[in-house]
Amino acid sequence: MTSLALVAQVQPFQDTTTLKQSNPACRHVYHKLQEFSHLSDNWDSYGALAPTSEAMLSALQLTHTIFTKETPLPDVFPVPNGSVQIEWSLAGLEMEIEVVSQDKFILYFENFETDELIEEVCSIEFSSLVRAMGYLHEKALSNLGSRFRLAN
Amino acid sequence: MTAARRDDESILDEDGLLRRVPHWPNMTKFCHQTGTLRPSSACFKDKGTGDTEVSVTLENDLLASGKTHNDATQMQGFGLAKLNAGFARTKLSNVQIINRSPEELDPHHALVIGDKTSRDLKKLAQAAELIIPPDIRD
C-alpha cells in the first residue's frame, strides 16, 4: 500500500484539518503509518509481511478512539505478521497494543509498581484497553517533568 | 509439532543467540526499565507461526566458522541483538527448546521453539543486548 493510498483511504475519517487539530500522539502514529506504507514484504530479512491496510487503518481509528491529550507519544512498529504495534515504556510501566484488525487487538500491560498484568486479546469490547490507557495517562501525569516524552 | 522435537543440548545455556534488527523502520526504543536502547518486542515476533518459532543465528557456530557478527547482519545497516540460550530456555512462561535449522543463507540458523506470550516477547526484547546497533535512517 502506498503512502498516497493510505491517505486516500483515511480521508473521510481524517482530513488534513482534523489531522492538524488532533493531538500529537495521534499525529505521530499517523506519520509512522505513512512510513510503514512504503514497506515491502521481507522488510526484516526473516520473511516479514508488509503491514496490511486493515491493520494500519484500524490502528489509526483506535488512536482516535482511545488517545487523549494526556496520551504520551508512543513508539510504533510494524509486526512481521502484518499487524502494527503501538507501545509505551514509562518508568515502572510497559504497555503494548498490537493492532491486527478492526476487531482484534492484543493488549499487554504491566505495572511493575503494583504488579498488575493484563495480557488479553480484545475484540469489539475493549474495556481492558480503556482501563490500561487510564493507568498509562495516570502514570504519564505523575511522571510529568521526568525524562519521558509527553504529548502536550 | 513442538512435542516431537527435543532440545539440542549441544547448544549450551551460555551460548549466544543472534537476531537481526532492521534499520528501517527503526525497530529500537529507549527502555525505561533497563535504561538502555533495545529492540522492540516486535523484532522477536514471527510472521506466521503465532510466535511459536523465532529464528536466530548461533553465535558460537558462526564465529567458529570464521565469520563475524557483521556477517550475521546480512543486510547493510541492519543491527544485531544477542540473547543467551539459557535465558530463552528458562526465563519465559513456557519452556523453550532450541533446534538447529540450517538454511542456505544462514548455515548457523536455529529456532527457539515454544509458545510465547506478549510478556515473554517483551522479556526477550529487554534481555537482548544490541551488539551491533542498527544504522537508523530517521
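This is a predicted model: local features need pLDDT of at least 70, side-chain atom pairs count only at pLDDT 80 or more; totals for chains, interfaces and linings use all residues.
Figure 1. Although A:Asn42 is not a glycine, its phi is positive, at about 70 degrees. A:Ser45 is found in the loop between H3 and H4 of chain A, and its phi, near 75 degrees, is likewise a positive value in a residue other than glycine. A:Ser45 has a relative accessible area of 14% and is therefore buried. Most residues other than glycine have a negative phi.

**Figure 2. Helix H4 of chain A.** Helix H4 of chain A comprises 14 residues (residues 53-66). The buried residues of H4(A) are A:Ala55, A:Met56, A:Leu57, A:Ser58, A:Ala59, A:Leu60, A:Leu62, A:Thr63 and A:Ile66.

Figure 3. The strands of chain A form an open sheet in the order E1-E2-E3-E4-E5, with antiparallel pairing. Strand E1 (75-78) and strand E5 (116-122) of chain A are the edge strands, each pairing on one side only. On average, neighbouring strands of this sheet are turned by 10 degrees against each other, direction ignored. E1(A) pairs with strand E2 (residues 84-90) of chain A in the antiparallel sense over four bridges, and A:Phe77 stands opposite A:Gln85 in E2(A). Helix H5 (residues 127-142) of chain A packs on the sheet and touches E2, strand E3 (93-101), strand E4 (104-111) and E5 of chain A. The direction of H5 of chain A makes about 145 degrees with that of E3(A). Helix H4 (residues 118-127) of chain B also packs on the sheet, where it touches E2, E3, E4 and E5 of chain A. The direction of this chain B helix makes about 60 degrees with that of E4(A).

**Figure 4. Surroundings of A:Glu87.** A:Glu87 is located in strand E2 of chain A and is buried, with a relative accessible area of 0%. Its side chain is joined to that of A:Gln85 by a polar contact of 2.6 Å. A second polar contact, of 3.5 Å, joins the side chains of A:Glu87 and B:Lys122. Leaving aside residues up to four places away in sequence, A:Glu87 touches residues of chain A including A:Pro74, A:Asp75, A:Phe77, A:Met95 and A:Glu96. Among the chain B residues that A:Glu87 touches are B:Lys29, B:Arg38, B:Ser40, B:Ser41 and B:Lys122.

**Figure 5. The aromatic pair of A:Phe109 and A:Tyr135.** Two aromatic pairs are counted over all chains. A:Phe109 and A:Tyr135 form a stacked pair, with 5.4 Å centre to centre and 25 degrees between the planes. A:Phe109 lies in strand E4 and A:Tyr135 in helix H5 of chain A, so the pair ties together parts that are 26 residues apart in sequence. A:Phe109 is buried, with a relative accessible area of 0%, whereas A:Tyr135 counts as partly exposed at 25% relative accessibility.

**Figure 6. The cis peptide bond from B:Trp24 to B:Pro25.** The peptide bond from B:Trp24 to B:Pro25 is cis, with omega near 0 degrees. B:Pro25 is found in the loop between strand E1 (16-21) and strand E2 (28-31) of chain B.

Technical notes. Residues are numbered from 1 along each chain as its sequence is written. Chains are lettered from A and ligands numbered from 1 in the order in which they are written. Side-chain values use heavy atoms; hydrogens and water are left out. Two strands pair if DSSP finds at least two bridges between them. Helices (H or I, at least four residues) and strands (E, at least two) are DSSP runs, numbered from the N terminus. Axes are lines fitted to C-alpha atoms, for helices over the stretch in contact, and angles run from 0 to 180 degrees between N-to-C directions. Contact means heavy atoms within 4.5 Å. Buried means under 20% relative accessible area, exposed over 50%, partly exposed in between (1.4 Å probe, protein chains only). A polar contact is a pair of N or O atoms within 3.5 Å; within protein, one must be able to donate a hydrogen and the other to accept it, and residues adjacent in sequence count only if both atoms are side-chain atoms. The expected span of a helix is 1.5 Å times one less than its number of residues. Rings of Phe, Tyr and Trp (its six-membered ring) pair if their centres lie within 6.5 Å; planes under 30 degrees apart count as stacked, over 60 as edge-to-face and the rest as tilted.
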